[in-house]
Amino acid sequence: QVQLVESGGGSVQAGGSLRLSCAASGYTVSSSCMGWFRQAPGKEREVVARIYTDSKLAYYADSVKGRFTISQDNAKNTLYLQMNSLKPEDTAMYYCAADLFPLSLAYCLYQSHDFGYWGQGTQVTVSS
């Protein structure tokens, strides 16, 4: 049974930091394509970051590049999103997702495609 459980969200002041965690079970994080997505009220869901876990190569949306870092801990079978220099526009529900059998690194990082498994989400609120 594949499950993804996010945690680490909360309320912070602009300029602050948070680290989101995505605990996975039922498969190995180290051999998948995983991503963080977010959705704010009235907006479409958008990609924040994606990682091809075999090589640890990652893609970041321009809006978070240089501020956010996606990473993994294979021993804990967990995905992370370190968020620094947070801005009010980062306020959203953040979701962890997994594609267990990516076709290629390029497909994982750069192609629009369905991620088959999703977590329940964790709320991030940034105030100014």
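**Exercise 1. Which pattern does the chain follow along the sequence?**
Step one: reading along the sequence gives β-β-β-β-β-β-β-β-β-α-β-β. Step two: that's 1 helix and 11 strands, where helices (H or I, at least four residues) and strands (E, at least two) are DSSP runs numbered from the N terminus.

Quick ground rules: this is a predicted model, with local features needing pLDDT of at least 70, side-chain atom pairs counting only at pLDDT 80 or more, and totals for chains, interfaces and linings using all residues. Residues are numbered from 1 along each chain as its sequence is written, and side-chain values use heavy atoms, leaving out hydrogens and water.

**Exercise 2. What radius of gyration does the chain have?**
Start with the rule: 2.2 Å times the number of residues to the power 0.38, for a radius taken over C-alpha atoms. For 128 residues a compact globule would come out near 14 Å, and the chain's 14 Å agrees. Then look at the C-alpha trace: its principal axes span about 40 × 25 × 25 Å.

**Exercise 3. Which residues have the most contacts inside the largest nonpolar core?**
First, the term: such a core joins buried Ala, Val, Leu, Ile, Met, Phe, Trp, Tyr and Cys residues through side-chain atoms within 4.5 Å, buried being under 20% relative accessible area with a 1.4 Å probe, protein chains only. Next, the pick: Met 34, Trp 36, Leu 81, Met 83 and Tyr 94, in a core of 30 residues. Strands supplying at least two residues each include β4 (33–39), β8 (78–83) and β9 (92–99). Finally, a second, separate core of 7 residues includes Phe 37, Tyr 52, Ala 97 and Phe 115.

Notes. Buried means under 20% relative accessible area, exposed over 50%, partly exposed in between (1.4 Å probe, protein chains only).
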